[in-house]
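Please read through the structure below with the text that follows.

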Amino acid sequence: MDTKLRELFIDQLKDMYDAEHRILEALPSKIEAAESENLKTGLEEHLTETRAQIQRLERIFEIIEVEPERSACQATKGLIKEAKELLGDFEGSSANDAAIICAAQKVEHYEIATYGCLCSWSQRMKLDEAYELLEMSLTEEKRANDLLSKAAITEANEAANV
């Protein structure tokens with residue numbers, strides 16, 4: 001097995017482990033701030049999925065015999081900070097939900113990119129169970145992004161355009 005690829009894989013697992021914990025902490029405030037019931041429901045569902053994604057990452061750490069550890073995900077830290085600023089700027093306005101969706105989709109795209117890489121690397125290293133677990137999380141992130149896009153198109157963008 002390629003040692004450098006394994007090191008990169010572990011590094012990014014730790015990054016995602018931290019990212020998912022940060023997202024778990026940040027989502028409740030977005031849920032509370034959302035005005036659309038559809039958006040609230042979608043974010044609540046993703047909160048549940050985020051808990052499952054953390055458990056999957058813990059299982060992958062077990063599979064590769066590495067202690068679960070968080071490595072500060074600077075990207076997620078920055079995206080969450082930006083989200084707080086964005087939501088503060090548009091809280092209570094007609095663009096409130098559009099701002100929440102924008103902030104959430106930025107996070108989803110980061111997660112999709114990272115889970116995609118982890119999937120590819122786990123296949124390369126023949127970590128079949130890890131691949132299946134990562135693929136589940138990747139599918140959930142893509143679905144969450146699609147739901148956010150739909151909420152933007154069907155509700156939030158129209159409301160913001162008043």
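**From one alanine to the whole chain**

Ala 95 is buried, with a relative accessible area of 16%; buried means under 20% relative accessible area, exposed over 50%, and partly exposed in between (1.4 Å probe, protein chains only). The model is predicted, so local features need pLDDT of at least 70 and side-chain atom pairs count only at pLDDT 80 or more, while totals for chains, interfaces and linings use all residues. Residues are numbered from 1 along each chain as its sequence is written, and side-chain values use heavy atoms, with hydrogens and water left out.

Ala 95 sits in the loop between helix 3 (74–90) and helix 4. Helices (H or I, at least four residues) and strands (E, at least two) are DSSP runs, numbered from the N terminus. In space, Ala 95 is 7.1 Å from Ala 156, C-alpha to C-alpha, although 61 residues separate the two in sequence.

Helix 4 covers residues 96–124, 29 residues, and spans 43 Å from its first C-alpha to its last, close to the 42 Å expected at 1.5 Å a residue. That expected span is 1.5 Å times one less than the number of residues. Just after helix 4, Lys 126 has a positive phi of about 60°.

A search of the whole structure finds one aromatic pair. The ring centres of Tyr 17 and Phe 61 are 5.5 Å apart and the planes meet at 75°, so the pair is edge-to-face. Rings of Phe, Tyr and Trp (its six-membered ring) pair if their centres lie within 6.5 Å; planes under 30 degrees apart count as stacked, over 60 as edge-to-face and the rest as tilted. Tyr 17 belongs to helix 1 (residues 3–33) and Phe 61 to helix 2 (residues 37–63), so the pair ties together parts that are 44 residues apart in sequence. Both Tyr 17 and Phe 61 are buried.

For Cys 73, the nearest cysteine sulfur is that of Cys 117, 13 Å away; Cys 73 is buried, with a relative accessible area of 0%. For Cys 102, the nearest cysteine sulfur is that of Cys 73, 18 Å away; Cys 102 is partly exposed at 35%.

Now the chain as a whole. The chain has five helices and zero strands. Of its 162 residues, 47% count as buried. The C-alpha atoms fill a box of roughly 55 × 25 × 20 Å along the principal axes.

Conventions. A disulfide is a pair of cysteine sulfur atoms within 2.5 Å.
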